[in-house]
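The sequence and structure come before the text.

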Amino acid sequence: MAIFSFCTDPATLETARWFVCYLTNGKHLIAYTSFGTVLLLLAITAPTALAFGFGGAIAARSRIAPLRWFGKGYTSIVRGVPDIVFFLFFVIALDQAFEWTRHQFFCPDWPDAIRQGNDFVVCQRAKLPLSNAPQWVHEVYGFLLAVLTFAIVFGAFAANVLFGAMRAVPRAQIETAEAYGMSERQAFWRVLIPQMWVFALPGLSNLWMILVKATPLLFLLGVEDIVYWARELGGTKGALFDYPHPDWRLWYFLGLLVFYLTLTRFSEIVLGRLSQRLSHGQATLAGEAQRKAAV
Amino acid sequence: MKKLILGALALSITAGAAYAGSHSVVRMGTEGAYPPWNFINDAGEVDGFERELGDELCKRAELNCEWVTNEWDSIIPNLTSGNYDTIIAGMSITAERDEVIDFTQAYTPADPSNYLAASDDVDLMGGVIAAQTGTIQAGYVAESGAMLVEFATPDETIAAVQNGEADAVLADASFLAPIAEQNGDLMIVGDPVALGGGVGMGVRESDAELKAKFDAAIQSMKDDGSLNALIAKWEVSTQW
């Protein structure tokens with residue numbers, strides 16, 4: 001299991017080697033991959049949430065009443081429900097909804113009730129993932145549920161930000177576009193959307209920062225993230241373990257602090273550049289300043 | 001967005017159409033943070049008394065078992081929702097839990113709980129006492145008149161006593177004994193308290209077949225003395 005050959009008997013090692021072995025034991029290697037899990041989650045969730053938000057904002061602006069109600073309902077309900085409730089119960093409900101649908105599809109002549117008291121019982125074929133599926137399938141499924149839940153929650157906030165940003169684009173811009181003979185759709189896609197981003201960016205960048213720090217909620221969904229591992233690895237390890245140590249959580253959390261600060265600092269730089277780029281040629285103070293500097 | 005949800009739904013309906021028999025794999029849910037009962041060992045696997053016990057029970061019941069970890073807070077809802085099939089996580093059999101899930105017969109007897117404190121003159125009935133959320137100990141402290149502070153993990157309850165946030169922590173004697181031994185500044189105080197009706201495996205109320213299988217396996221381990229040997233090896237409780 002151990003990477004280095006001298007790690008066979010940890011009790012006999014001197015300090016430097018002990019740490020080398022300790023930091024490369026199987027448990028630590030699993031913990032290191034959880035950094036990848038978190039980054040992957042962010043990479044998938046951010047665009048998905050943005051898409052949800054965009055859809056929500058467009059729906060909330062729609063002239064068709066039911067679509068508008070849906071858009072407004074989505075943003076207000078999801079924004080109003082505490083995250084912890086969402087992550088504890090919504091995910092279980094979502095999972096049950098999938099299994100219920102599969103159950104209707106696969107086992108239409110199932111004699112028993114699905115709800116038996118507190119239990120939710122579907123036929124074996126309807127299970128998601130199948131209970132005989134390897135553990136990684138369960139983990140990928142949990143991860144996808146997490147992405148979907150994060151996307152729905154953060155999508156609602158993004159929808160509100162984008163809805164506001166769409167309204168912030170000066171009315172004169174749209175009127176000019178229409179005066180040039182653009183249809184409503186053309187004015188929306190060619191004039192409103194490109195100008196909206198600069199107004200949406202401060203709100204969206206806040207959301208991104210919050211999303212970066214919200215990943216510990218993953219463990220509620222059974223996905224083991226970096227905060228779970230920091231707590232688990234740092235906790236006091238007694239004589240049952242090969243590498244006993246006192247409570248080292250402080251050091252592990254300091255490691256996390258460095259990771260998160262690096263990630264948020266990096267995000268700030270990228271978002272700063274993006275903001276500069278989006279301001280280019282815009283009728284905003286920042287855009288005006290850029291124009292003057294170029295003259 | 002609707003399209004995405006519909007797409008995900010369609011995908012999930014069609015995914016994995018292979019037929020699975022009744023309990024071809026029994027998923028064993030545990031916490032993985034309560035040594036010596038269950039913990040994640042240095043190789044990153046579930047280990048401890050319940051790992052060894054669970055593997056032996058599965059062998060005797062001729063079941064194919066797989067281990068899963070889940071946070072203590074949501075360990076019961078995830079069982080009833082079918083994300084795993086058993087809870088084997090040092091869970092004491094209590095009337096409140098029995099209303100929601102079923103328990104197999106106990107595999108360890110009702111074990112005394114102890115108070116662990118930084119000094120021997122703390123007020124156990126009126127002071128601030130730490131316990132893990134949703135445990136029998138937390139319920140007992142709340143009724144004892146002491147001020148209860150709850151933590152999500154067992155580790156945090158110990159840390160609370162060490163940094164003075166709580167006067168003492170109430171937990172299973174077997175969990176606290178090695179901690180008191182290793183930390184010179186922590187000690188067991190007061191008299192042991194008997195709580196709960198022993199530790200058993202949690203199963204869904206609708207899963208009578210699985211419950212019967214594990215009941216029989218536990219009984220056979222009790223009868224041939226191998227359960228007592230396991231309890232002695234891991235020092236988790238008194239013997240049968």
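In which sense do strand 3 and strand 4 of chain B pair, and over how many bridges?

## Strand pairing in chain B

The model is predicted. In it, strand 3 of chain B, residues 38-40, pairs with strand 4 of chain B in the antiparallel sense, and two bridges join them.

## Contact between chains A and B

Chain A puts 47 residues into the contact and chain B puts in 41 residues. On the side of chain A that touches chain B, the elements giving two or more residues are helix 2 (26-61), helix 4 (83-106), strand 2 (119-120), helix 5 (135-168) and helix 8 (226-234) of chain A. Helix 4 of chain A supplies the largest share, eight residues.

Sorted by class, this side of chain A holds 20 nonpolar, 17 polar and 10 charged residues.

## Domains of chain B

Chain B is assigned two domains: domain 1 is made of 25-109 + 198-234, and domain 2 covers 112-194. Their C-alpha centres are 25 Å apart.

Where the two domains of chain B touch, seven residues of domain 1 are in contact with 10 residues of domain 2. The domain 1 side of this contact consists of four nonpolar residues, two polar and one charged.

## Nonpolar cores

The largest nonpolar core contains 61 residues. Those with the most contacts inside this core are L116(B), I129(B), A131(B), V161(B), A168(B), V169(B) and L170(B). Helix 8 of chain B, residues 208-223, gives the most to the core, namely five residues. Both domain 1 and domain 2 of chain B are represented, with at least three residues from each.

Leaving aside residues up to four places away in sequence, A131(B) touches Q137(B), A138(B), V141(B), L148(B), E150(B), T157(B), V169(B), L170(B) and A171(B).

Key. Residues are numbered from 1 along each chain as its sequence is written. Chains are lettered from A and ligands numbered from 1 in the order in which they are written. This is a predicted model: local features need pLDDT of at least 70, side-chain atom pairs count only at pLDDT 80 or more; totals for chains, interfaces and linings use all residues. Two strands pair if DSSP finds at least two bridges between them. Helices (H or I, at least four residues) and strands (E, at least two) are DSSP runs, numbered from the N terminus. Ala, Val, Leu, Ile, Met, Phe, Trp, Tyr, Cys and Pro count as nonpolar, Asp, Glu, Lys and Arg as charged, and the others, Gly among them, as polar. Domain bounds come from an automatic or database domain assignment. A nonpolar core is a set of buried Ala, Val, Leu, Ile, Met, Phe, Trp, Tyr and Cys residues joined through C-beta atoms within 7 Å. A residue is buried if 20 or more other C-beta atoms lie within 10 Å of its own, exposed if 12 or fewer, and partly exposed in between; C-beta atoms are placed from the backbone.
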